[in-house]
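Here's a quick briefing to read alongside the model. We'll start with the rings, then go through the core, the charges and the surface.

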Amino acid sequence: KGFRDVMQDITAFVSFDPALARKRILYALKHQYENGNPIRMYEPDLTHPYMDGAAWIPAALLAYLKETDDESILDEQVGYLHCDIVDSVLDHARKGMQFLLDSLGQHGLVLWGGGDWNDSVNNAGMLGKGESVWLSIATVKAITEFCEICARYHRMSDVCEKFLAQRETLKGNIEKYGFDGDHYIYGINDYDEKVGSYQSPEAKITLNPQTWAVLADVADRQRLNDVMDTVENHLKCAFGYVQCTPSYTKGTDHIGRATYFMPGLVENGSVYNHGVTFKIVADCKLGRGENAYRSFKLISYDNPRNPDSGVEPYAVSNMYIGPENTYSAGQAPMSWITGTAGWMYRALSEFILGVRSDFGGLEIDPALPDAWDNVCVKRKFRGADYIITFVRGDK
């Protein structure tokens with residue numbers, strides 16, 4: 001019951017149950033502090049300062065609005081955690097964006113705090129100096145989504161003008177301080193040490209900054225294709241894509257607990273499937289449908305190159321233990337506790353098949369693998385059933 005986890009799941013199940021998605025958005029926003037930063041977990045005793053919660057609000061809200069065009073949710077009044085103040089849903093989202101944009105370090109990147117999506121890089125910014133390149137990229141994406149909502153419903157135009165200008169500055173800082181030859185680094189810690197860089201002793205390349213650079217559209221198409229080529233060339237293994245390479249072998253408090261895991265475990269070099277689903281969506285956005293489908297099959301339970309993983313054939317695992325682990329490479333020890341399932345569904349239905357909701361109707365934009373010549377999709381949307389057939393023609 002984490003804030004970011006619920007927000008991501010909402011973007012998936014909204015196509016099945018919009019009414020429940022609306023209810024969960026309103027409930028989740030009650031776990032946001034008045035300064036705009038949500039708590040990591042719903043239990044109020046978990047006060048470790050994670051910084052990424054607000055970046056997930058616009059995506060969930062945008063998914064609901066595109067599914068329903070229900071503008072009334074923006075005016076719903078919701079309180080804050082440990083506070084008597086009540087605001088509209090749109091103001092909750094605005095305060096989240098403002099919190100992120102007010103939390104910049106010396107390089108003009110978003111402060112790392114006690115962690116972002118990667119819970120285990122939990123000590124890189126505890127002194128208030130470290131900056132996360134990934135969270136900066138996620139903030140670019142969130143601002144774009146927030147302003148898309150506002151433009152649709154003619155809200156907060158002055159706020160968006162300011163936010164969009166700050167977004168462009170942030171993108172410039174990401175390129176200036178966050179790019180390392182052929183990939184984006186993960187961040188710069190409290191000690192001015194780069195994390196996820198060729199200058200780093202270990203974990204020189206990490207997955208999420210590359211994939212999210214595509215999701216957030218932070219650079220031109222050539223640059224984005226180049227970083228995804230880096231992913232293919234350096235992070236791929238027989239059963240997916242590892243979170244980082246090479247794995248950490250020496251623990252350091254300059255980064256956090258990720259460095260203390262055995263190589264190949266959890267965020268230290270495992271195939272962390274949640275991150276792989278981001279990769280699948282990024283492939284589709286670049287028109288790399290064959291790569292997307294192959295990635296999907298690599299992490300599926302029936303991958304013939306990983307036949308004894310242990311994952312149930314009706315589930316997805318949080319991770320497969322990475323290839324650098326000498327004891328249990330390929331095993332799937334953590335089913336049922338992952339955000340992978342929702343992203344897996346979206347990756348297939350909305351991006352490989354390419355049928356996704358938009359304000360004015362269904363957008364059809366497939367990224368099919370080469371072998372698929374004839375595909376049929378049934379999609380419920382605003383009270384109607386749509387039957388959509390793709391037939392591959394001459395190239």
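Tryptophan 117 and phenylalanine 278 are both buried. Keep in mind that this is a predicted model. A search of the whole structure turns up 16 aromatic pairs and 30 salt bridges.

**Aromatic pairs**
- Trp117 and Phe278 make an edge-to-face pair, because their ring centres sit 6.0 Å apart with the planes at 65°.
- Trp117 is in the loop between helix H4 (89–102) and strand S3 (131–132), while Phe278 belongs to helix H9 (residues 273–285), so this pair ties together parts 161 residues apart in sequence.
- Phe146 and Phe163 have ring centres 5.8 Å apart and planes at 55°, so that pair counts as tilted.

**Nonpolar cores**
- The largest nonpolar core has 110 residues, and Met7, Leu65 and Phe146 touch the most other members.
- Helix H5 (residues 133–152) is the top contributor to this core, giving 12 residues.
- A second, separate core of 7 residues has Leu353, Val355, Leu368 and Val377 among its members.
- Beyond its neighbours within four places in sequence, Met7 is in contact with Ile25, Ala28, Leu29, Trp56, Ile57 and Ala60.

**Salt bridges**
- Arg40 and Asp5 meet through their side chains at 3.0 Å, N to O.
- That pair links distant parts of the chain, 35 residues apart: Arg40 is in the loop between helix H2 (18–29) and helix H3 (57–68), and Asp5 is in helix H1 (residues 3–13).
- Arg40 counts as buried at 12% relative accessibility, whereas Asp5 is partly exposed at 29%.
- Arg152 bridges to Asp69, with the closest N and O atoms 3.0 Å apart; Arg152 sits in helix H5 and Asp69 in the loop between H3 and strand S1 (77–80), 83 residues apart.
- Arg155 and Asp75 also form a salt bridge (3.0 Å, N to O), and it ties together parts 80 residues apart in sequence.
- Arg155 is buried, with a relative accessible area of 18%, but Asp75 is partly exposed at 44%.
- Shared partners join Arg4, Asp5, Arg40, Asp52 and Asp119 into one salt-bridge network.

**Surface**
- Tyr314, Trp336 and Ile337 form a nonpolar surface patch, together showing about 440 Å² of accessible area.
- Trp336 lies in the loop between strand S11 (319–320) and helix H11 (340–352), and its 59% relative accessibility makes it exposed.

Note on methods. Residues numbered from 1 in each chain as written. Predicted model: local features only at pLDDT ≥ 70, side-chain atom pairs only at ≥ 80, totals over all residues. Heavy atoms only, no water. Patch = residues over 30% accessible without salt bridge, like charges linked within 9 Å, V, L, I, M, F, W, Y side chains within 5 Å. Areas by Shrake-Rupley, 256 points an atom, 1.4 Å probe, with all protein chains shown as cover. Salt bridge = Lys/Arg side-chain N within 4 Å of Asp/Glu carboxyl O. Helix = DSSP H or I, 4+ residues; strand = E, 2+ residues; numbered from the N terminus. Buried < 20%, exposed > 50% of the residue type's maximum accessible area, 1.4 Å probe, protein only. Core = buried A, V, L, I, M, F, W, Y, C linked by side-chain atoms within 4.5 Å. Contact = heavy atoms within 4.5 Å. Phe/Tyr/Trp six-rings, centres within 6.5 Å; stacked < 30°, edge-to-face > 60°.
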